[in-house]
Amino acid sequence: MPSAQLYFLSDQYYLDFPDDRLMKNKEVVEGAPHNRPCFFAFRDTKTPEIYWIVPISSKYEKYKRIEQGKILKYGRCNTIRFGVVLGRNTAFLIQNMCPATENYLTAYIDRNRRPVRIDGRVAADVEKHAREVLALAKRGSKVIFPDVFKIYDVLERHLKQN
């Protein structure tokens, strides 16, 4: 998988890992379902066949307000990061990230049939903060909404069986 690329998560993932705290896969726009959200993916250090995927939201202002609230309360915010995707300001929701394997991911392809990628500096920033948040979660902090370690364990078992 190319680095700094964006992906969509398959419907099968939601069937295999029912968790109401996962960001919903389909959003209805003008009466039709659309693949939403898209995700930024990076490899797990322990099991590189597993990717950590961070959803991206176009609700930039909403998440800027949430970030400011967290900074006021905690002095910092590493669960939401910001960057530009396809020329638009976006929020990377580390607090909603989850693990997945390649078979659950579909590349986000633009109209020219090229994979959509993000700037390497944005990718590095999101990955750095996501790894910090993962370390906090492993120590018991409730900084990620879905039960990511339960999903991770199932993915790891499936990889060992194949």
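**Charged pairs and ring contacts**

R121 is exposed, with a relative accessible area of 68%; exposed means over 50%, buried under 20% and partly exposed in between, using a 1.4 Å probe and protein chains only. This is a predicted model, in which local features need pLDDT of at least 70 and side-chain atom pairs count only at pLDDT 80 or more, while totals for chains, interfaces and linings use all residues. Residues are numbered from 1 along each chain as its sequence is written, and side-chain values use heavy atoms, with hydrogens and water left out.

The side chain of R121 meets that of D119 in a salt bridge, 3.0 Å from N to O. A salt bridge here is a side-chain nitrogen of Lys or Arg within 4 Å of a carboxyl oxygen of Asp or Glu. D119 is partly exposed, at 33% relative accessibility.

Eight salt bridges turn up in a search of the whole structure. One of them joins the side chains of D125 and R81, with 2.9 Å from N to O. That pair links distant parts of the chain: D125 belongs to helix 3 (residues 120–138) and R81 to strand 6 (residues 80–85), 44 residues apart. Helices (H or I, at least four residues) and strands (E, at least two) are DSSP runs, numbered from the N terminus. D125 is partly exposed, with a relative accessible area of 22%.

E127 is partly exposed at 26% relative accessibility, and R131 is partly exposed at 28%. R76, K128 and E132 are linked in a network of salt bridges.

Turning to the rings, the structure holds eight aromatic pairs. F8 and Y108 form a tilted pair, 5.0 Å centre to centre with 40° between the planes. Because F8 lies in strand 1 (residues 6–9) and Y108 in the loop between strand 9 (105–107) and helix 3, the pair ties together parts that are 100 residues apart in sequence. F17 and Y104 form an edge-to-face pair, at 5.8 Å and 70°. Rings of Phe, Tyr and Trp (its six-membered ring) pair if their centres lie within 6.5 Å; planes under 30 degrees apart count as stacked, over 60 as edge-to-face and the rest as tilted. Both F17 and Y104 are buried, and ring pairs link Y13, Y14, F17 and Y104 into a cluster.
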